[in-house]
Amino acid sequence: MLYYKFVLPHLTFFILQVSISFIGVACLSGPDLKISNVTETRVHVEWTPVVYPNTFIEKYQVSAYPIRSYAKMEILNRNEWTFYNSTFRSELVQLHPGTLYNISVWAVTNNGYTDPSTKNVWTEVGEPDEPPPVEIIERSGEIMMVDLPVGQSDKGPITSYYVVAIEKSPIIFFNPEEAGNYSFSQETGLPFYITANLSPEEANQTFVIGNGKTYDGYYNAPLSEKHDYEVLVGVVSSLNRVTKVAYSPLQSTIESQKMSGDISRAQTSSPLSVILSAAIGVFGFLLVLSVIIYFLLRKRYGKRRPSDEMVLRVHGSEGDENGFVPGLLQISEDADLSEVYEKLREKYWQIPRNHLDVHQTVLGIGQFGEVREGAVRRRSQTIPCIVQHMQAPSSLLEKEKRALLCELDLMSRIGFHTNVVEFLGACDARDVLQVAIEHHSSSLRGLLLRSRQPPGGKVSSLSEPLLLELAAGIAQGMAHLADRGIFHRHLSSRNVLIAEGSIPKIAHFGLGYYNPLGKKLMYTRWTAPEVLNMNTFTSKSDVWSFGVLMWEILTLGGSPYNNIFTRDILPRGMQGMRLSQPVGVGDELYQLMLNCWELDPEERPKFMELAANLQNMFLNAKEHVNFQDCINYQYEKFDPSAEDQ
């Protein structure tokens, strides 16, 4: 396949020349292609089976190539997917918003390739980048002169600009969904209205609010001299009858944030402040003197280990009363914990306060404080997250401070992997630390349970290849964590989230772990015997849990050992009891699960081996998982209280 590129302002074009060679196939027609449910980043595709005499269909291949986009060439992916010969639908994910894709599907047969079936489709336009605040140049009576910022977006065209006037008040309220023209604001009593809808050419110059003119149907009414006004600009991006708008922040909001940071510097020169200043000066002198004496004594009586020395070791630490276990980092006794903390801060993003939104609903209690839902704004993206709200290290006792530093070190080592939630960073404001971790509302357990008893008499709405693909993705994510010395300790379908409909993301470990309000989750049914016996965690104990997780996937959300008392699981497991072979699962796949449940941890496979085996099985999924031949399929029981025991 050859690409030719040329560029016009704000738009990149690709000319795609498709060349597929055929071996022994005399122009066989390819499958019929149907496209639906197009969003910003995904497309649902379906195709008809290809049937020809004396021809065996080995697999289907699907491609998505960008041919026009508002993004730069280097960020666009040219994607191809391979599907088993019994798969006739899929979700194409990780596409770019506001991009025209060439979608093709063809069959690979024992004699070569069929002709491709091709359709072009635009992905939905994305929201533009947030513009900077509007600069107010001058206010004179009923008019105000402003300088509008230039909009930016690589997710679609900038088609126009809304200019919004807002009456100033102690609490400024603006709801974009209620923004309308001047008449609407007068009828409803809303303190804001759209004064103009400007073309990009009109917006790239100084604009006068209140001049009494009409812009694209919006009356630019004279301003009331009784009120002061704020001004917002909404950058509008429209494509194929879909419109997204990004509004600039309020100037007063930015000024108030600056003021809050400057309060400590805005003190008056009262007699009390003079006394306080003198006291601080004396204290500072004594502090400097004590530091000098300390280093003189240290030089005389010999060096200790450097304060920033960090010793890494794999261990089975005893958890605290809430069941939490410290991370791998061990800090020397004489370490300067403040210095260690500052070094750790360099390893992850320091989230600006105005980039972090924390919701009011409390999800549960983590090791150091409440956990709530929230969102982080990063490079024009809004990322859903959970936020653990805790005291800053400077406010903690030494034991708690050391435990927190260990967990921050663990989170900073996660890095990036498609199948692991991302540690987004932390917001350190005065005496409060807020740690943000990527979050998605859907869990793997919920996905599995919802797939049961779909219309049409099927066992599951999830295909057998997709089940193996989910398991392989989780194994790859766990291999990534194991390579970084990170143990999960609570691996189960509850603690795997689902992004974009079918991408598994390992979650709820480290500072992302929490107990729901009023509950303490135990996970005995997922836990390796050596952990239950001696509280010894290793990556191989996570492998045991992964075997149970595979059983959950292949039973479509069944609860492990649902007919056995929790107290009996360890002794019977030591005697050889294992979860039964799920209905519809072949011997080779079940043996892979049994390998995860070896009593000797060293005999269990590594996660990378598990991932490789599952990927190979995915290529011939029906040989390893097949629900179609199961008559009167009985679902394994799901017990919502399984983790409570």
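The structure, a predicted model, holds 13 aromatic pairs. Rings of Phe, Tyr and Trp (its six-membered ring) pair if their centres lie within 6.5 Å; planes under 30 degrees apart are stacked, over 60 edge-to-face, the rest tilted. One of the pairs joins Tyr182 and Tyr193, edge-to-face, at 5.0 Å centre to centre and 75° between the planes. Tyr182 lies in helix α1 (residues 182-188) and Tyr193 in strand β14 (residues 192-198), so the pair ties together parts 11 residues apart in sequence. Tyr182 is partly exposed, at 24% relative accessible area. Tyr193 is buried, at 5%. Buried means under 20% relative accessible area, exposed over 50%, partly exposed in between (1.4 Å probe, protein chains only).

Trp47, Tyr60, Phe83 and Phe88 form one aromatic cluster.

The criterion is NZ of Lys or CZ of Arg within 6 Å of the ring centre and within 35 degrees of the ring normal.

| Charge | Ring | Distance to ring centre |
|---|---|---|
| Arg489 | Phe537 | 4.9 Å |
| Arg567 | Phe565 | 4.6 Å |

Now the whole chain. There are 13 helices and 29 strands, taken as DSSP runs (helices H or I, at least four residues; strands E, at least two) and numbered from the N terminus. Of the 645 residues, 48% are buried. Among contacts (heavy atoms within 4.5 Å) with a separation of 6 or more, 68% link residues 24 or more positions apart.

Residues are numbered from 1 along each chain as its sequence is written, and side-chain values use heavy atoms, without hydrogens and water. Local features need pLDDT of at least 70, side-chain atom pairs count only at pLDDT 80 or more, and totals for chains, interfaces and linings use all residues.
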